[in-house]
Amino acid sequence: MRKIVIVGTGFVADLYAASLKTFPDIEVLGCHDRDAARLSAFCAHWGLPAVDSLDALLALPADLVLNLTNPHSHYAVSRQALEAGRHVYSEKPLATRMEDATELHALARAKGLQIASAPCSFLSRTAETLRAAVEARAIGTPRLVYAELDDGFISQAPLTKWQSESGAPWPVEDELVVGCTLEHAGYYLTWLMAIFGPVRTVVSASARLADVGHLTARDDVAPDYSSATLFFESGMVARLTCSILAPHDHQLRIVGDGGVLSVHECWDNRAPVKRRRRHIIRRRMIDSPIPQTMKAPDGTDHPSVKRRGAAAMNFALGPAEMLDAIADGREARQAGDFALHLTEVSLAIQAAGEHGGAQTMHSRFTPSAPTRWSGTRSRREG
């Protein structure tokens with residue numbers, strides 16, 4: 001039995017709790033939240049033990065700490081957990097400042113520990129099917145990626161009515177202050193990093209365009225739109241957009257010499273990967289009107305969860321893979337250098353503003369082998 005503790009029992013914690021049910025070999029030893037009422041409601045709903053202080057929680061013999069706190073608390077909580085000798089899996093972002101993320105990365109290395117950052121959807125069957133198709137040259141040489149992460153005009157949605165399964169309100173203020181880029185870019189950025197490796201240069205711009213009620217006058221509300229062109233060291237070029245204004249669109253397309261691979265939804269771990277071959281017919285070039293569904297590689301099936309709203313994601317894939325890595329004496333796929341690079345690229349895109357221009361990335365990582373799932377334990381190939 002693998003053992004974890006949870007810090008932070010707000011909205012996202014319910015998504016993790018539901019996902020953890022699909023991994024019966026993971027035991028939650030305790031949960032803590034600075035809001036006693038929220039902690040009590042969460043623990044009562046899920047039948048989990050509550051712990052009244054962070055120090056007491058970190059004293060439990062856990063293999064991993066899940067840091068699901070407010071994003072602006074990620075750095076402090078993760079640092080305290082590392083200082084206590086615990087491996088950490090943090091919700092995104094790893095930190096809201098690059099210097100803090102770099103410090104956490106260095107501290108973990110110095111202590112022989114691991115720290116990882118969500119999201120974990122790049123471990124999903126869909127993402128691994130896409131990776132396998134690219135590596136098998138299903139569309140020849142890939143040349144360009146278009147990735148969209150637009151979520152509709154969120155500020156006009158009934159945000160105050162959104163609640164988690166145990167009754168936690170959607171954290172409107174946190175989401176808008178942290179911003180859609182830090183919250184969402186990783187859903188496709190991690191996929192692209194896993195397939196194409198590190199980003200060398202980010203050319204981006206971002207803007208805050210819509211009023212957000214009583215938060216409109218605040219200077220710390222993040223951009224609600226960003227667009228970036230990412231130049232990968234491997235030679236791939238990708239355009240990544242994020243917004244909470246444009247109509248919902250989570251499509252990803254990889255354009256190659258011989259056709260196009262596409263996924264319609266990154267928030268669905270089992271979304272099909274489609275291929276459209278390119279043809280010349282009667283002096284016209286067309287992509288096939290009938291797409292082919294790509295076969296998932298062996299070992300990519302994993303526990304699934306019920307759809308909630310727009311998402312059907314198992315949030316426990318990342319913690320489960322990390323627990324396997326710790327037990328096997330290897331680095332987790334989304335830990336260490338990978339997590340730091342994800343943070344640097346995401347922060348560069350969000351902070352670009354009107355005159356962002358080109359930014360050279362300083363962090364690097366070595367791409368790891370694909371994840372293959374077996375029962376409730378994951379395994380890397382190789």
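How many aromatic pairs does a search of the whole structure find? The search finds 9 aromatic pairs, where rings of Phe, Tyr and Trp (its six-membered ring) pair if their centres lie within 6.5 Å, and planes under 30 degrees apart count as stacked, over 60 as edge-to-face and the rest as tilted. The model is predicted: local features need pLDDT of at least 70, side-chain atom pairs count only at pLDDT 80 or more, and totals for chains, interfaces and linings use all residues. Residues are numbered from 1 along each chain as its sequence is written, and side-chain values use heavy atoms, with hydrogens and water left out.

**View 1. Tryptophan 162 and tryptophan 170.** The ring centres of tryptophan 162 and tryptophan 170 are 5.0 Å apart with the planes at 70 degrees, so this pair is edge-to-face. Tryptophan 162 is partly exposed at 30% relative accessible area, whereas tryptophan 170 is buried at 15% (buried means under 20% relative accessible area, exposed over 50%, partly exposed in between; 1.4 Å probe, protein chains only).

**View 2. Tyrosine 188 and tryptophan 191.** This edge-to-face pair has 5.1 Å from centre to centre and 90 degrees between the planes. Tyrosine 188 is buried, with 0% relative accessibility, and tryptophan 191 is buried as well, with 2%.

**View 3. An aromatic cluster.** Tyr16, Tyr89 and Phe315 are linked into a cluster by ring pairs.

**View 4. Arginine 239 and tyrosine 146.** The charged end of arginine 239 sits over the ring of tyrosine 146, at 3.8 Å from the ring centre (NZ of Lys or CZ of Arg within 6 Å of the ring centre and within 35 degrees of the ring normal).
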